[in-house]
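Here is a short briefing to read alongside the structure.

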There are 2 protein chains.
Amino acid sequence: MSPPLRAPSIRPAACAGLALALLLPGATPAAEPRTKPLTGAEVLAASTAADWRALDPANTLYLELPAGRVVIELAPQFAPHHVANVQALARGHYFDGLWIMRAQDNYVVQWGDPDGKKPVGAAHRTVGAEFERTLRGLSVARLADPDTYAPEVGFVDTFPVAADPAIGRAWLVHCYGMLGAGRDNDVDSGGGTELYVVIGQAPRHLDRNVTLLGRVVSGMELLSVMPRGSGTLGFYEHAEQRTPIKSLQLAADVPAAQRTELEVLRTDTPTFLSFVEARRSRHEEWFKVPAGRLDVCNVPIPVRPRSNGGAKATPK
Amino acid sequence: MSPPLRAPSIRPAACAGLALALLLPGATPAAEPRTKPLTGAEVLAASTAADWRALDPANTLYLELPAGRVVIELAPQFAPHHVANVQALARGHYFDGLWIMRAQDNYVVQWGDPDGKKPVGAAHRTVGAEFERTLRGLSVARLADPDTYAPEVGFVDTFPVAADPAIGRAWLVHCYGMLGAGRDNDVDSGGGTELYVVIGQAPRHLDRNVTLLGRVVSGMELLSVMPRGSGTLGFYEHAEQRTPIKSLQLAADVPAAQRTELEVLRTDTPTFLSFVEARRSRHEEWFKVPAGRLDVCNVPIPVRPRSNGGAKATPK
């Protein structure tokens, strides 16, 4: 029953994808002098409590599906009005009882009201475009590697970003797991009543064309396996094919005992730079030709259960 | 029941993903003078029979799953020994009755023999690495855009490739849908008894580290929705979670009436260059800021049912 040796070796690093990173206290050899560069797993194992940041319940969404909970972190520093509107929609239980109504392969899953008529309560039906913002005030952990689409790319508060210093603008990037607000042809016709998550190759041509407002932190594997819709653009052709949404709530509105307490690796630390370097040139034994390059969408930000008072997370 | 106007507008192009392109004869306006650049759908609608290439049954695999057929095109020009070995494995019914045993989110699905002991018959258990080849003799339809990972990228015979002219080498690229041969730490320990397909953001760090030998041409949505395994690296922890493989056959060994007759857009034509340009800068009404750039893994090669004697494909 155990997988053959060959099989797991395609991806030897422990911190893969959006899954919770497996942190093994003491995994870094302490006694022997180190001559080899650290692997990503070793960087994480050597991290301290200060390298991690707990999710803020006020900016965390729980999307409750029949299969489980998807945890989403919102990005008010990039889309303040969309974030506020989605918070209002969530507080008004707008999404509860609606559906995932679209799953287009290698592209997006999308949820909302198929009829587009459900009252939005205290929220707004539309919110003006927040495709980009000023670069001023942002501290970007830049990647040195060239990017196909933007002059600069990097991370701000664990979110993948692109920037154009020549015009002083920055924007969130359509990486796997990013959350966006669907819109009509009018740029100001979005607002968050329909939300989508990227489930395939980063559709970077959407950057600066639609408002991104967050990213999936855990539970991505519940969204990515949605049966693909056979209608145009992956919409389900029959209502019974849709997946019902039990609820979409702010973590702050959920009793503390029922929250999923997570923390993410901060992206403004030397530890993160070491992690990036370990991803850029993989030194696990399996790799023979380290890429020496790194795409902004190929840096899965590590997530782990929230530690208790600064102690190491318990391995699970 | 009909989706709201806003919803489908995220991706207006008809030729999306690996789905069959919807070709509407006469979709290109002929009478009025054209002032706007063509969209991808319009480029395809204006294509001729010579712009398409039928799949060669001798280099096409049918992976039969309970949910349907996955069609894979092999790339003997890049991995001749692996392709020959997988052809021998298929002819010997090696994969029939084995399982998809791994699905790691945003990474790969993988199939083979969990015990690694099934006899390989006339095939070889391992084949020497074919990570790259000489650039000589290859006609690469190059993309002008910078690539994060390689000096040059483009297409050869519909396959995404990277090249380094300074050393005269070329290799297949780990885009969504690419087929690879799992290996152990020894570079020559692959061979095709375990095969994987990329189901997420292009893991370009695997380029030149493992042998790629083909790509999924249709049916990708059957692989990408596999429930993710909860074990290390996405392996299923219980045998009953695996998806059985009914068979993996060469199209040439399947009776003609039971084949899936497909053709793909050739990548060595002016039509393909127009298609690439239409992808690079999207001119559909929804887009406001055309990217003006294009990643090699963001060019889904159009596929359609094989046309009859050069006539246009029937819209479906």
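B:Cys175 is buried in this predicted model, because its relative accessible area of 5% falls under the 20% cut-off. Its disulfide partner is B:Cys297, which is also buried, at 9%.

**The disulfide of chain B**
- The sulfur atoms of B:Cys175 and B:Cys297 lie 2.0 Å apart.
- This link is left-handed, with -80° about the S-S bond.
- B:Cys175 sits in the loop between β10 (169–172) and β11 (178–181) of chain B, and B:Cys297 in the loop between α4 (270–280) and β17 (303–305), so the bond ties together parts that are 122 residues apart in sequence.

**The disulfide of chain A**
- Over all chains the structure holds 2 disulfides, and one of them joins A:Cys175 to A:Cys297 with 2.1 Å between the sulfur atoms.
- A:Cys175 belongs to the loop between β10 (169–172) and β11 (178–181) of chain A, while A:Cys297 belongs to the loop between α4 (270–280) and β17 (303–305).
- A torsion of -80° about the S-S bond makes the link of A:Cys175 and A:Cys297 left-handed.
- A:Cys175 counts as buried at 6% relative accessibility, and A:Cys297 counts as buried at 8%.

**How the two chains are related**
- Chain B superposes on chain A by a rotation of 180° with 0.0 Å of shift along the axis, at an RMSD of 0.0 Å.
- That is the relation of a two-fold axis.
- Both copies use the same surface, as 100% of the contact residues of chain B recur in chain A.

Technical notes
Residues are numbered from 1 along each chain as its sequence is written. Chains are lettered from A and ligands numbered from 1 in the order in which they are written. This is a predicted model: local features need pLDDT of at least 70, side-chain atom pairs count only at pLDDT 80 or more; totals for chains, interfaces and linings use all residues. Side-chain values use heavy atoms; hydrogens and water are left out. Copies are superposed by least squares on the C-alpha atoms of residues with pLDDT of at least 70 in both. Contact means heavy atoms within 4.5 Å. A disulfide is a pair of cysteine sulfur atoms within 2.5 Å. Helices (H or I, at least four residues) and strands (E, at least two) are DSSP runs, numbered from the N terminus. Buried means under 20% relative accessible area, exposed over 50%, partly exposed in between (1.4 Å probe, protein chains only).
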